[in-house]
Amino acid sequence: MDRTTRRTGAAERRASEAAATPSGARAALRERAARVLETNWTGTSTVPSRTLYPHQWSWDSAFVAIGSRHVSPLRAQLELETLFAAQWGDGRVPHIVFNPAVPLDAYFPSPDFWRSSTQGRAAGAPRSVQTSGIVQPPVHALAAWLVHRADPGLSRSRSFLARIYPKLAAWHRYLLHRRDLGGGGLASVVHPWEQGMDNSPCWDALLSRIAPAPARAFHRADLDHGAADDRPTDLDYGRYVRLATDYRNGQYADRAAGQSGFAVEDPSFNALLIASEHALARIAWELGAAGTARHARAERLTAALVERLWDPATGMFFCRDLRGETDGHPTSRAPGHGTPRATGRLSPPALIPEYGVGGLIPLIVPTLPRHVSAQLLRTARGPRFGLGTTVRLVPSYDLTGPAFDPQRYWRGPAWFNTNWLIERGLRLHGEQAEAERLRAALLGTALDTAFAEYVDPYTGRGCGARGFAWSAALALDLLQEPRERHEEGTWG
């Protein structure tokens with residue numbers, strides 16, 4: 001037995017103990033997770049990390065609300081209300097809401113980079129708070145529904161759903177109309193940061209056509225708190241900054257951004273939108289309205305997701321590059337083939353045949369066609385992701401891919417939020433035993449790593465920040481009995 005096998009086996013035993021013991025490890029895990037959320041609470045919202053991420057992040061707050069509802073439903077409601085207080089007039093929910101008490105040099109890009117109140121004026125950016133101008137995945141309606149179900153009496157007494165429903169509806173309207181850049185009914189992202197898995201190898205070919213901002217134009221505060229080997233390279237960061245700068249200088253106009261070098265339909269982003277549309281239907285029903293139109297919209301989105309992003313030859317959902325390719329910069333290949341097309345002209349939008357974990361997230365879609373979910377599960381269990389076989393947690397990128405790195409940000413490490421989504425997807429499609437194994441592994445890893453930001457998928461060794469908010473919050477959620485979590489969170 002080699003060293004990795006021994007370490008993984010011991011980790012799995014600890015994971016099983018954490019999941020199976022009603023006291024001891026489980027009680028300790030709950031206490032420690034609650035302490036992390038308390039430490040990261042600012043009074044109105046939760047920061048992902050006190051050092052590395054000292055502001056409020058959009059999808060982080062949604063996951064935090066999902067977990068913190070088990071400790072304080074009121075605080076979970078406030079988490080979402082604070083985020084949506086910074087919503088723009090056009091409906092977008094910014095990916096960062098900045099805390100004015102935090103020094104500008106504590107995080108980059110800082111408020112003086114985004115200039116939301118001036119450059120975002122035409123799009124209705126708020127004047128009372130500074131935000132970024134890009135978005136993140138739409139987990140929020142799902143979070144709002146789960147938060148309501150945690151304490152319906154409190155929710156109704158505060159009119160929580162009645163107040164947040166119009167904001168959620170405006171958010172979805174923005175994505176479904178202003179961000180349908182491909183004309184096929186799906187929402188698009190215009191920056192890797194928007195998809196959430198920003199350093200994924202899925203973006204390498206697309207980013208290669210972006211001229212990076214010069215290194216002297218910015219200072220990377222992330223390297224003050226994280227190891228360079230774990231973080232994006234300076235070259236990639238320069239390209240992120242260039243894309244954000246161009247979007248800002250264009251006054252955050254989406255159609256113009258869609259003509260830039262980065263416009264992508266992503267399966268995980270749209271799967272979360274579908275799940276949240278189903279949740280909005282439940283919210284509408286709770287408020288006394290029919291949710292049938294929301295369910296119908298979710299079904300149309302599901303059909304578009306399969307039509308535009310599913311590749312039956314490989315059993316995988318892939319991202320679609322809406323900008324095609326230009327001479328000298330091939331950005332896509334036909335799935336299942338190894339030779340890039342080089343046409344010397346702009347080609348039709350094409351799938352990006354890179355196996356990122358985002359391609360597995362559509363498992364959370366409740367009405368995914370059975371043949372699609374079956375193939376997708378086979379891909380998840382196969383050598384590229386090793387679900388239930390070679391890894392402790394599902395990696396963020398193809399284990400067999402040349403760019404795989406078990407510790408560099410989104411290029412291979414496993415993350416708690418993506419594995420939490422996969423665990424829910426497994427249960428949704430009847431894979432209870434496999435879901436339980438993944439749940440046990442997540443709980444054990446959380447306990448072992450002090451709620452690390454992300455981990456080595458093979459060994460569970462923690463990387464990035466410790467005391468990471470969504471890792472702690474989702475551990476709290478996983479500590480609940482599966483039947484309770486899924487009865488209250490039915491999405492169909």
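Biologist: How many of the 11 residues of helix α3 are buried?
Modeller: In this predicted model, 11 of the 11 residues of α3, which runs over residues 58–68, are buried, so the helix is largely enclosed by the rest of the structure.

Biologist: Which residues of α3 are those?
Modeller: The buried residues include Trp59, Phe63, Val64 and Ile66. Ser58 and Ser68 are buried too, and so are Asp60 and Gly67.

Biologist: What share of the whole chain counts as buried?
Modeller: Of its 492 residues, 62% count as buried. The accessible surface of the chain comes to about 17800 Å², and 51% of that belongs to carbon and sulfur atoms.

Biologist: How many helices and strands are there?
Modeller: The chain has 20 helices and 11 strands.

Biologist: Let's take a helix, then. What span should α9 have, and what does the model give?
Modeller: Its 19 residues should span 27 Å at 1.5 Å a residue, and the end C-alpha atoms are 27 Å apart, which agrees.

Biologist: And which residues of α9 are buried?
Modeller: Among them are Phe160, Ile164, Tyr165, Leu168, Trp171, His172 and Leu175.

Biologist: Is Gly185 buried or partly exposed?
Modeller: Gly185 counts as partly exposed, because its relative accessibility is 27% and the buried class stops under 20%.

Biologist: What does Gly185 touch beyond its neighbours within four places in sequence?
Modeller: Gly185 is in contact with Leu176, Asp180 and Leu301. The C-alpha atoms of Gly185 and Thr302 are separated by 9.8 Å, although the two residues are 117 apart along the chain.

Biologist: Leu301 and Thr302 are in α15, so which residues of that helix are buried?
Modeller: Leu301 and Thr302 are both buried, and other buried residues of α15 include Arg294, Ala298, Leu305 and Arg308. The helix covers residues 292–309; its 18 residues should span 26 Å, and the end C-alpha atoms are 25 Å apart, which agrees.

Biologist: What share of contacts joins residues at least 24 apart?
Modeller: For contacts between residues at least 6 apart in sequence, the share is 71%.

Biologist: New topic. Where does His429 lie?
Modeller: His429 lies in the loop between α17 (416–428) and α18 (432–449).

Biologist: And what is His429 in contact with, leaving aside neighbours within four places in sequence?
Modeller: Its contacts are Leu363, Val365, Leu368 and Ser373. Arg370 is 59 residues from His429 along the chain, and their C-alpha atoms are separated by 8.6 Å.

Biologist: Now the sheet. In what order do β9, β10 and β11 come?
Modeller: The order is β9-β10-β11, in an open sheet with antiparallel pairing. β9 (414–415) and β11 (462–463) stand at the edges with a single partner strand each, so one side of each has no neighbour in the sheet.

Biologist: How many bridges pair β10 with β11?
Modeller: Two bridges pair them, in the antiparallel sense; β10 is residues 454–455. Val455 stands opposite Gly462 in β11.

Biologist: Last one. Where does pLDDT stay under 50?
Modeller: One stretch is residues 1–15, with 15 contacts beyond four places in sequence. Another is residues 325–347, with 46 such contacts. Where pLDDT is low, the predicted coordinates should not be read in detail.

Biologist: What is the mean pLDDT of the chain?
Modeller: The mean is 88, and 85% of the residues reach 70 or more.

Key. Residues are numbered from 1 along each chain as its sequence is written. This is a predicted model: local features need pLDDT of at least 70, side-chain atom pairs count only at pLDDT 80 or more; totals for chains, interfaces and linings use all residues. Side-chain values use heavy atoms; hydrogens and water are left out. Two strands pair if DSSP finds at least two bridges between them. Helices (H or I, at least four residues) and strands (E, at least two) are DSSP runs, numbered from the N terminus. Buried means under 20% relative accessible area, exposed over 50%, partly exposed in between (1.4 Å probe, protein chains only). Contact means heavy atoms within 4.5 Å. Accessible areas come from the Shrake-Rupley method with a 1.4 Å probe; for residues, only the protein chains shown count as cover. The expected span of a helix is 1.5 Å times one less than its number of residues. pLDDT is the predictor's confidence in each residue, from 0 to 100.
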